[in-house]
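Subject: Two-chain model for you

Hi,

Here is the model I promised to pass on. Please open it alongside this email.

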Amino acid sequence: MSALKPKHQRLVLVIVAVIALIAAGLLAAYALRNQASYFYVPTQMIAEPPAPTQAVRLGGMVQAGTLETMPDGVTVSFVVGDGEEQVPVRFAGILPDLFVEGSGVVAEGKLGADGTFIADNLLAKHDENYIPRELEDMTAAQVEQTVLETAR
Amino acid sequence: MIAELGLAALWLAAALAGLQLIAGVQSVRQPDGPLASLARPAAVIQGVLAAFAFLMLLWLFAQTDLSVKLVAANSHSAKPMIFKLSGAWGNHEGSMLLWVTVMALAGGLIGYLERRLPEVTMQATLATQAFVGLGFYAFLLLSSNPFERLATPVAEGMGLNPLLQDIGLAFHPPTLYFGYVGLSVAFSFALGALLTRQVTPNFARAMRPWVLGAWIFLTLGITAGSYWAYYELGWGGWWFWDPVENASLMPWLAATALLHSVSVLAARDALRAWTIMLGVVAFSMSMMGTFLVRSGVLTSVHAFAVDPERGTFILVLLGIYIGGALTIFALRAGTVQEGERFTATSREGALVFNNVMLSAILAVVLVGTLYPLLTEAFGIRVSVGPPYFNPVAAIFTLPMLAVMAVGPLLRWRRDGAKRISKPAVFLTICVLLVAVLVTYLSNASLLAILGLAFAAALAVGSLLPLRGRNLLRTPLATWGMVTAHFGIAVALFGMASESAFSIEKLVAARPGDMTEVGPWKITLDGIEPVAGPNWTALQADLRASYKGGSAITLQPQSRTFWSPERETAESALAARWNGQLYAVMGSGIEDGRRQLRLWWKPFVPMIWFGGILVALGGFLSLIGRLTADLKRHYVRRRSAERREDAQV
């Protein structure tokens with residue numbers, strides 16, 4: 001290296017940096033294709049179910065009258081719907097503070113082989129200023145049906 | 001009246017920023033022009049005025065002046081005083097005012113203090129600082145006026161998001177902002193030096209305290225934010241790769257790289273163009289963070305308002321500043337002379353390697369953070385989480401840690417690999433030993449095993465530069481480096497240990513029930529109602545004993561705030577030297593049982609102790625550099641005086 005001319009040293013440094021950044025970019029792109037978790041609403045999930053190993057998010061309305069606590073006291077099950085299709089969800093853990101029937105929820109987890117969605121985490125509407133982003137459009141599009149259903 | 005005073009001060013400060021810009025540009029072109037002496041005083045007065053405006057806002061919040069829109073929307077007369085004050089920056093407008101204030105104060109300080117650089121470089125620097133400042137004044141005054149009055153005052157304020165009513169969080173945003181905005185000085189210095197062709201070691205010495213200072217605040221801010229997320233959100237995690245967290249991590253990564261390259265430039269006059277580039281990138285990441293958090297493209301507890309107009313405004317500012325700076329860099333970088341040379345196995349070589357690795361990690365985080373926003377533009381919603389960030393970032397972090405452990409042992413300029421072969425072999429054995437041990441004794445994941453092994457090696461490696469030195473004579477800056485590197489090892493140990501050894505338990509318990517979590521026996525004694533100044537709560541009494549020792553009490557709560565109305569879970573923590581017990585109370589079940597979520601997290605506090613050590617290392621370094629600068633200044637003055645005496 002010490003034999004390199006000044007111009008060359010700078011060139012070598014630039015090339016090393018560029019190669020590292022390209023490597024980082026390619027690696028990131030490759031990993032994103034496998035690791036990004038996609039967002040589904042129940043209609044999509046029924047039509048094209050994700051692979052059981054794939055981490056995805058399911059968003060929709062918690063259907064009224066479906067929230068049940070299992071005998072162990074910590075597992076709950078409920079049904080998420082978007083006005084057309086419905087997907088049963090199971091979750092072991094403490095429910096978010098404002099999780100109630102008839103309100104929106106985004107569940108993170110995997111779709112089980114039996115068609116039940118196993119959630120590792122629930123994101124509920126925290127307050128008026130915090131609505132999971134995925135639910136904003138959905139509620140706007142399907143507000144009528146949702147109102148009808150929750151009123152029933 | 002107070003609100004109008006604040007607004008007037010803000011407009012005046014903006015006008016002074018305009019004057020500072022014109023004066024700066026003028027005197028760069030014509031060093032003895034009529035405006036040449038105005039830029040520095042303009043910067044100082046601008047700083048004072050912005051600080052005054054911010055004080056006025058604090059006053060309004062302290063008094064809970066409900067005729068001001070911002071106070072009415074974010075405060076409440078029943079709030080404790082400290083949260084009334086922190087409410088001033090716990091919202092969009094107030095936090096942007098804080099941003100502008102810190103930026104103006106920083107500009108004022110360099111205008112007042114910095115005398116080492118050629119005056120023309122200082123003028124260019126102050127002009128850049130004013131140019132960036134003007135954009136944010138415009139944003140504040142035109143679309144986010146914090147002093148706006150209501151037509152009719154309201155009877156009572158809306159209150160502050162209860163999640164934000166926390167003593168740790170009261171000081172988290174200002175700390176982070178000092179870091180974000182401190183980097184604006186590095187940005188201005190970098191452009192000033194580039195424009196006036198003064199990329200010299202002296203420039204690096206002038207810039208270094210600012211980079212160090214900003215970096216210390218960023219480190220503390222990120223550490224505090226992580227701890228807040230850990231105990232306040234009640235999810236038991238300490239880092240979620242949330243876009244808002246990434247927004248603070250990215251400037252930190254860039255600032256860490258900048259910190260090291262600026263040292264090379266100061267000590268060895270190498271890496272000139274690279275340092276300028278990092279100066280630009282670091283503050284660009286700060287602005288990008290602001291855009292992500294403030295524009296409403298993200299929804300989280302940090303994103304106060306969703307207003308597309310504001311988002312566009314910040315995006316335009318971002319385009320002007322980042323695009324402009326990169327264009328200037330592209331046009332001018334060729335004029336920066338190549339610095340001193342060095343070989344691959346030298347201190348510079350190791351630092352360059354780590355700079356490149358830090359940049360690669362930055363790229364990985366940036367891509368992962370922006371990817372969901374990009375796909376959303378095409379109508380596909382994705383979220384990117386730990387399964388992406390952890391392994392991909394680790395690929396670049398592990399080589400960096402390896403070089404970090406031995407790099408400080410290398411000499412500047414050129415050195416042989418032979419001189420560090422002994423410590424390198426020793427540290428490699430260290431890594432292998434710990435890795436094998438952990439693999440046998442636990443069923444930790446690969447990343448956790450590697451984390452523990454590298455943490456052990458780095459902890460030993462970081463202390464090696466002190467070997468054979470007189471500890472009392474070792475410069476403070478060296479102590480700073482050793483402390484910061486050791487802090488990284490400590491934090492890494494905490495992270496890996498939390499991931500490898502945590503035990504989680506979820507139960508539904510009746511009063512009197514006992515449950516075991518790892519070495520702990522935990523009994524639910526009872527549940528009772530309690531009340532605070534603006535909330536009521538149910539509180540569980542948990543009696544916990546470690547390996548049959550004497551019992552301690554944990555009291556997690558389920559709180560109901562009544563303004564604004566919402567419930568939060570308050571976690572309870574019990575710390576021992578070797579870890580933390582973490583308890584959260586969930587909802588009640590009809591049969592009288594109550595959900596409890598319990599974790600035993602061995603050595604988890606090391607994460608934040610490590611962060612504090614890293615910041616302390618930066619602080620020692622800063623003190624060391626500043627005293628050395630002062631000494632040099634003093635000696636130079638003395639010798640100049642002596643020369644004058646001799647002439648007389």
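Below are some notes on what was found in it, chain by chain.

This is a predicted model, so to speak of local features I kept to pLDDT of at least 70 and to side-chain atom pairs at pLDDT 80 or more, while totals for chains, interfaces and linings use all residues. Residues are numbered from 1 along each chain as its sequence is written, with chains lettered from A and ligands numbered from 1 in the order in which they are written.

Chain B

Chain B holds 17 helices and 11 strands; these are DSSP runs numbered from the N terminus, with helices being H or I of at least four residues and strands E of at least two. Its radius of gyration is 27 Å, close to the 26 Å of the globule rule for 648 residues, so chain B is as compact as a globular protein of that length. (The radius is taken over C-alpha atoms, and the rule is 2.2 Å times the number of residues to the power 0.38.) Along the principal axes, the C-alpha atoms of chain B fill a box of roughly 90 × 75 × 60 Å.

Of the 648 residues in chain B, 52% are buried. Buried stands for 20 or more other C-beta atoms within 10 Å of a residue's own, exposed for 12 or fewer, and partly exposed for in between, with C-beta atoms placed from the backbone. Among contacts in chain B between residues at least 6 apart in sequence, 74% join residues at least 24 apart, a contact being two C-beta atoms, placed from the backbone, within 7 Å.

B:Phe61 counts as buried because 27 other C-beta atoms lie within 10 Å. Leaving out residues up to four places away in sequence, B:Phe61 touches B:Val71, B:Ser75, B:Lys84, B:Leu85, B:Gly87 and B:Ala88.

Strand pairing around β5(B)

Two strands pair if DSSP finds at least two bridges between them. β5(B) (residues 535-546) pairs in the antiparallel sense with β4(B) (residues 520-531) over 11 bridges, and these two form a hairpin with 3 residues between them. There, B:Gln539 in β5(B) is the bridge partner of B:Glu528. β5(B) also pairs in the antiparallel sense with β7(B) (residues 557-562) over 5 bridges, where B:Leu538 has B:Ser558 as its partner. With β6(B) (residues 552-554), β5(B) makes 3 antiparallel bridges. In the hairpin of β5(B) and β6(B), with 5 residues between the strands, B:Lys547 takes a positive phi near 45°.

Chain A and the interface

Chain A has 3 helices and 7 strands, and buried residues make up 36% of its 152 residues.

How many residues of chain B are in contact with chain A? There are 41, facing 38 residues of chain A. Elements that each supply at least two residues to this side of chain B include α12 (347-377), α13 (386-406) and β10 (579-588). α12(B) gives the most, with 9 residues. This side of chain B divides into 23 nonpolar, 10 polar and 8 charged residues, where Ala, Val, Leu, Ile, Met, Phe, Trp, Tyr, Cys and Pro count as nonpolar, Asp, Glu, Lys and Arg as charged, and the others, Gly among them, as polar.

The chains also share strand pairing: β1 of chain A (residues 37-40) and β1(B) pair in the antiparallel sense over 2 bridges. A:Ser37 stands opposite B:Ser383 there.

Best wishes
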